[in-house]
Amino acid sequence: MTYIENVFVCMAAPLVVALLSLKRGQRAALVFCLAGMGACLLSAYLNTFFARLYQADAVNAATQIAPVVEEIMKLLPLLFFLAVFEPTFARFRLAAVIVAASFATFENICFLTQNGADQILFLLIRGFGTGAMHVVCGNVYGGVLRPVWDSRPLRAACLFALLCVAIIYHAIYNLLVSAGGTPQLIAYFVPLPTALCFRLLARKAEA
Amino acid sequence: MIEFWDYLSQFLAVTAGFCAALRAYLKSREQPWFLLTCFYGTFALGTLYWTLHLLLRQETPQVFYVSDLAWLASYVFLLALTLTLLDAGERQSRTGLCWLAPVFCLPQFVLYVTRGDLLLNVLMCGLTMMLAWCAMRGLVWAKRTENGRLRRFYGTVLAFIALEYALWTASCFWVSDTLTNPYFWFDFLLTLVLLLFLPAVRKAVEA
């Protein structure tokens, strides 16, 4: 059994203390870090709950329940930020990436506490694979919303559509990983080039 | 096996459409091309997930149809594209023929709800009904004003919606996993119609 709430407390404590020592305008990044980790913690509980509810086995839960739950949980703090603070596109994009990266970090830490840290090569591949996958899912909002940011109804519609895109990307990744063998290797190596593609496309769009 | 080839061919066709639409967007930087790219991209991701699931697990998803979310996202982008293309005059125009959309869609919606998930069907049928409504109104407006700019686009949207409903209805009365099943005829036709969006949007944008 993994006491992930204990891991969360341990991870969050220095961030909370750091928050207290920062000025009001400098706290945003740390708050999103905490939000990402909190979303990961809550996702773990919800995943277990829905897997029990639908009597899903481990593979079905990983490929059909976890992507939906995790991506919705990651979007919630961003929706709150968007609705309450009406940020600029650049700030929203930054928030999306921080939430995604901290979510991935917390997930990796939980993986380490469960499986140990003795296989550096596998951990390196998994760390970059899963980490990049979550960042790609966070980047979807930043990369695609720019052309429609000025139109509120279009932005709202696209936000929902992009949540679905993030879910399906995550689900494809989990499906390949759960298959093992070559598909698993492909899954670990796909997110990093996808992240680079996003970067290239964003540069081209800015040019 | 035929289901796998059906989805694979559809995925390849939609991916080709995605590449062509992306190229057109990077060249012109026009919003309709961007939304068409998103439409193709999301549709392709949904089809890819389904194809991979069939390939790797030899069965359709058992707990939740994650692909439906991607297809739902593609309808959102198609609706956004339809609303982006129409004229101010067309937006104000009214015609009784629009009511054909709910008359056609609502009975089918009732059928789907008795066999599937309520929320997903509400979203799917609601979005496709809005699309059909806009396309009917657009076709009538094009005839009234003798402006053929969007006629082909609206025709393609209507064909797309009609085939989607035919597919869903055929899946409610599943015959067999062979080519005798009308589901596969409709799906191969749908693949062709999906490719027609490219020339239709080109005509709408360039006219």
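Modeller: The account below takes the salt bridges in turn and then moves to the nonpolar parts of the structure.

This is a predicted model, in which local features need pLDDT of at least 70, side-chain atom pairs count only at pLDDT 80 or more, and totals for chains, interfaces and linings use all residues. Residues are numbered from 1 along each chain as its sequence is written, chains are lettered from A and ligands numbered from 1 in the order in which they are written, and side-chain values use heavy atoms, with hydrogens and water left out.

Side chains of opposite charge can pair when their charged atoms come close. A salt bridge is taken here as a side-chain nitrogen of Lys or Arg within 4 Å of a carboxyl oxygen of Asp or Glu. Over all chains, the search of the whole structure finds 3 salt bridges.

One of them joins A:Glu71 to A:Lys74, with an N to O distance of 3.1 Å. These residues are separated by about one helical turn, because they are 3 residues apart in helix H3 (residues 58–85) of chain A. Helices (H or I, at least four residues) and strands (E, at least two) are DSSP runs, numbered from the N terminus. A:Glu71 counts as buried because its relative accessible area is 1%, and A:Lys74 is buried at 5% relative accessibility. For these classes, buried means under 20% relative accessible area, exposed over 50%, and partly exposed in between (1.4 Å probe, protein chains only).

Another salt bridge joins A:Glu86 and A:Arg152, at 2.6 Å from N to O. This pair links distant parts of the chain, 66 residues apart: A:Glu86 is in the loop between H3 and helix H4 (89–115) of chain A, and A:Arg152 is in helix H6 of chain A. A:Glu86 counts as exposed at 53% relative accessibility, and A:Arg152 is likewise exposed, at 53%.

In chain B, B:Glu59 forms a salt bridge with B:Arg57, where the closest N and O atoms are 3.9 Å apart. B:Glu59 is partly exposed, with a relative accessible area of 27%, and B:Arg57 is partly exposed at 23%.

The nonpolar interior gives the wider setting. A nonpolar core is a set of buried Ala, Val, Leu, Ile, Met, Phe, Trp, Tyr and Cys residues joined through side-chain atoms within 4.5 Å. The largest such core has 112 residues, of which A:Tyr141, A:Leu145, B:Leu36, B:Phe39, B:Phe153 and B:Phe160 touch the most other members. Helix H6 (residues 152–179) of chain A supplies the largest share of this core, 17 residues. A second, separate core of 21 residues includes A:Ile4, A:Leu15, A:Leu34 and A:Phe103.

Contacts are given as heavy atoms within 4.5 Å. Leaving aside neighbours within four places in sequence, A:Leu145 is in contact with A:Phe89, A:Phe92, A:Val140, A:Arg155, A:Cys158, A:Leu159 and A:Leu162. B:Leu72, in helix H3 of chain B, is buried because its relative accessible area is 0%. With neighbours within four places again left aside, B:Leu72 is in contact with A:Phe160, B:Leu120, B:Leu123, B:Met124 and B:Leu127. The C-alpha atoms of B:Leu72 and B:Leu123 are separated by 7.5 Å, although the residues are 51 apart along the chain. B:Ser74 lies in helix H3 (residues 66–85) of chain B and is buried at 0% relative accessibility. Beyond its neighbours within four places in sequence, B:Ser74 is in contact with B:Phe39, B:Thr42 and B:Phe43.

Apart from neighbours within four places in sequence, A:Gly129 is in contact with A:Tyr173, A:Tyr188 and A:Pro191. A:Leu121, also placed in helix H5 of chain A, counts as exposed because its relative accessibility is 60%.
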